[in-house]
Amino acid sequence: MRVSLFVPCFVDQLTPKVGLATAKVLKRLGHDVEFRSAQTCCGQPSFNSGQWDVAREGAIRALSVFRGADVVVGPSGSCVAMMRNFYPELLKGTPHAAEADDLAARTFEFSEFLVKKLGVTDVGAKFAKKVTYHDGCHAMRELRLKEEPRQLLRAVRGLEFIEADEGETCCGFGGLFSAKFPMISTAMAQVKGGALARTGADYVVSSDPSCLLQIGGWLSREGKPILPLHIAEVLANDA
Amino acid sequence: MDDSKAIFLKDATVNAADGDQRAFINKALGGYYTNRDLQKARYRDWERARDAASMAKWSAVNDLANVLEKFVSNFERNGGVVHWARDAEEARVIILKIAEDVKAKAIVKSKCMTTEEIHLNDALEKAGYGVVESDLGEFIQQLRGEAPYHFVFPCMHVKREAISELFTKHLGTAPTDSPEELTMIARRHLRQLYIDADIGITGANFLVAETGQISITENEGNARLTAALPRIHIALSGIEKVVNHLDDLSVLLPMLATAGAGQPMTCYNTLYSGPRKKGECDGPEEFHLVLMDNARTRILADPEQRDSLHCIRCGACLNVCPIFKNIGGLAYGTTYQGPIGSVITPHLRGLKQWNHLSAASSLCGACTDACPVRIDLHHHLLRNRRNASKESPTLFDLAFHHGFTFVIKRPWLFALGGRIFRATLPLLQKLPLPYMGAWMKTRDLPKAPAQSFRDQWKNQNV
């Protein structure tokens, strides 16, 4: 299958290894992977801030960037939820509505694409570490993904999986919320980060790099011995 | 900055840093989660029950005028008197007028958030009437001189020792750490007040159109005494509380109990069918119902957020909300706390002054999943944000998002901006920049890579 990568803007600039790992796994499974360099940001920061008019401009632009792509795969539940669920809402009643629906149907979160679209759970990876998992709220509640990443992780050779307390609790990122209401966001990071650290795992894995920014940022500041890692980075380790 | 926002930011900051209080609330809710899940598991299909409950409310709310008329005609046939109130002021005037007409001396009240919404106690006290809350939690909050912390569990934040001290101070009782003894103290104190009161004021959980009855749900039996012992019963209800059929309660009552308190059913569910009739030995002589709009019709006129009128005030959305759990109920400064409060308060009190509550959310959606009547809560927060930035945009927001969009529409500028951002990140982190400064106070950022993804991809794939 020809896969068009959707790399979140902050992954592009801050954690490019997540994008590279995503491409590596897809290539290993035998797919053609392309990256359309005209892509930038999905516009979610403006959308979530209530600035729907400018967010609409970003959305319309993204439609043209991914026009003609068979499938679009992104390593972020949040950014994929923006395209899948919120572009159609944002562009409802405009001449772009049909194309927004069409893109929504062709866009997949990375773990969702592997498990639900390709039917693959064992990608042939090895990672001999103790791992716990954080469900990003957008992946869990907007895309209804919960088992898919766990199925993928359980198939990784040598990986020991530990569930954490506060399993369905938000990490407190919420995009600009984390900077507009830093005191609330930090309290939430304490609850979530504390539960993750208590598992004694080496890594907290997630399909959402934005949550990992928040969780990892708090864990690092607090000196907790558990590191953030994107699920694609786990799956990219060859067996 | 508006006062309400400044106070919110101050209180939320203090409370979010109070680890002990947060742990106390978390522990209290831990018991609720266990019981709720146990009770939910007894439903054959909780999700289909949510559909049914939501549909029961939907069908009444979307035909509100007709269903209300039907209810009122049946309620009047039962001997009750209906008063219509456009807003809080009219509702207060109506209730004060009744109190004056019947020459009331003492008033007892059972738990009713709608009376909190119109600040009824203040109005009654200013007019010279003594009014006592008969729900234990509300009674405690009344003695503390504090608004309810949670609209179902008003004093969930108060520790047992503090309640004992409060009773010692106000009622002169001996200190105790036994919850049963504390309850008995309140019970002994309240019993005579029911007997002395001329007026009992209650709320209503549901108004049943086909029978003209009022349904009230409670755990303590105090609402029954409040409604039955005094000469006059006044109930205050929002117009959205009406449902079509008695049968609707067969799903709404158990779901209210399970979603709200983790109970299979609330202890007392009573249908009130008008005043004492000829030949009956108990019940009030007069039964007044104040039906209040107070912005309900404004929400009704909004097709996007109309479903927020489905709310049965169970409190499930508060119980799962990480914002509520970390800042506490009082920080909201509203009658209705938590997600539903953040959604409807801008409609009740003004979007410009109250949209900060919609902004203060990570949009995690736990509330929407918990809501037994399927209100699209967290998406309504987004809609409030959109409406607020249309109605009263801030210059900073406009500049920031127009600037950001200008950049992301130009991939070359985005790539250049990214390069500069990465190169200067160590310096940027030290500057008191908007957003970045707030982030860096409690969290680190990853070390910026030398090359972006797009650069590395280009190099790999040439």
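At what angle do the axes of helix α5 and helix α6 of chain A cross? Keep that in mind as you look around; remember, too, that this is a predicted model.

1. Let's start with that helix pair. In chain A, the axes of α5 (residues 77-90) and α6 (residues 97-106) cross at roughly 165° and come within 8 Å. Angles over 145 degrees count as roughly antiparallel, and α5(A) and α6(A) are therefore roughly antiparallel to each other. As for handedness, the crossing of α5(A) past α6(A) is left-handed.

2. Who does the touching here? On the α5(A) side you'll find A:Met83, A:Arg84, A:Tyr87 and A:Pro88, while α6(A) brings A:Ala100, A:Asp101, A:Leu103 and A:Ala104. Sorted by class, this contact has 6 nonpolar and 2 charged residues, with no polar ones.

3. Now find the sheet in chain A. It is an open sheet of 4 strands, ordered β2-β1-β3-β4, and the pairing is parallel. β2 (32-35) and β4 (107-109) of chain A are the edge strands with a single partner each, so one side of each has no neighbour in the sheet. On average, neighbouring strands here are turned by 35° against each other, ignoring direction.

4. Strand β3 (residues 71-74) of chain A runs parallel to β4(A), and 3 bridges join the two.

5. α2 (residues 16-28) of chain A touches β1 (2-5), β2 and β3 of chain A, and its direction makes about 175° with that of β1(A). Our friend α5(A) lies across β3 and β4 of chain A, at about 155° to β4(A).

6. Have a look at helix α7 (residues 110-117) of chain A as well. Its buried residues include A:Phe110, A:Ser111, A:Glu112, A:Phe113 and A:Leu114. Among the elements covering the buried residues of α7(A) are α2, β3, β4, α9 (147-154) and α13 (231-235) of chain A. Just after α7(A) comes A:Gly119, with a positive phi of about 70°.

7. Finally, the two chains meet. Chain B puts 52 residues into the contact and chain A puts in 51. Several helices of chain B each supply at least two residues to the side that touches chain A, among them α1 (3-16), α20 (377-391) and α22 (411-428). The largest share of that side, 6 residues, comes from α21(B). By class, the side of chain B that touches chain A splits into 27 nonpolar, 14 polar and 11 charged residues.

Technical notes: Residues are numbered from 1 along each chain as its sequence is written. Chains are lettered from A and ligands numbered from 1 in the order in which they are written. This is a predicted model: local features need pLDDT of at least 70, side-chain atom pairs count only at pLDDT 80 or more; totals for chains, interfaces and linings use all residues. Axes are lines fitted to C-alpha atoms, for helices over the stretch in contact, and angles run from 0 to 180 degrees between N-to-C directions. Angles under 35 degrees count as roughly parallel, over 145 as roughly antiparallel, 65 to 115 as roughly perpendicular and the rest as oblique. A crossing is left-handed if the near helix is turned anticlockwise from the far one by less than a right angle, and right-handed if clockwise. Two residues are in contact if their C-beta atoms, placed from the backbone, lie within 7 Å. Ala, Val, Leu, Ile, Met, Phe, Trp, Tyr, Cys and Pro count as nonpolar, Asp, Glu, Lys and Arg as charged, and the others, Gly among them, as polar. Two strands pair if DSSP finds at least two bridges between them. A residue is buried if 20 or more other C-beta atoms lie within 10 Å of its own, exposed if 12 or fewer, and partly exposed in between; C-beta atoms are placed from the backbone.
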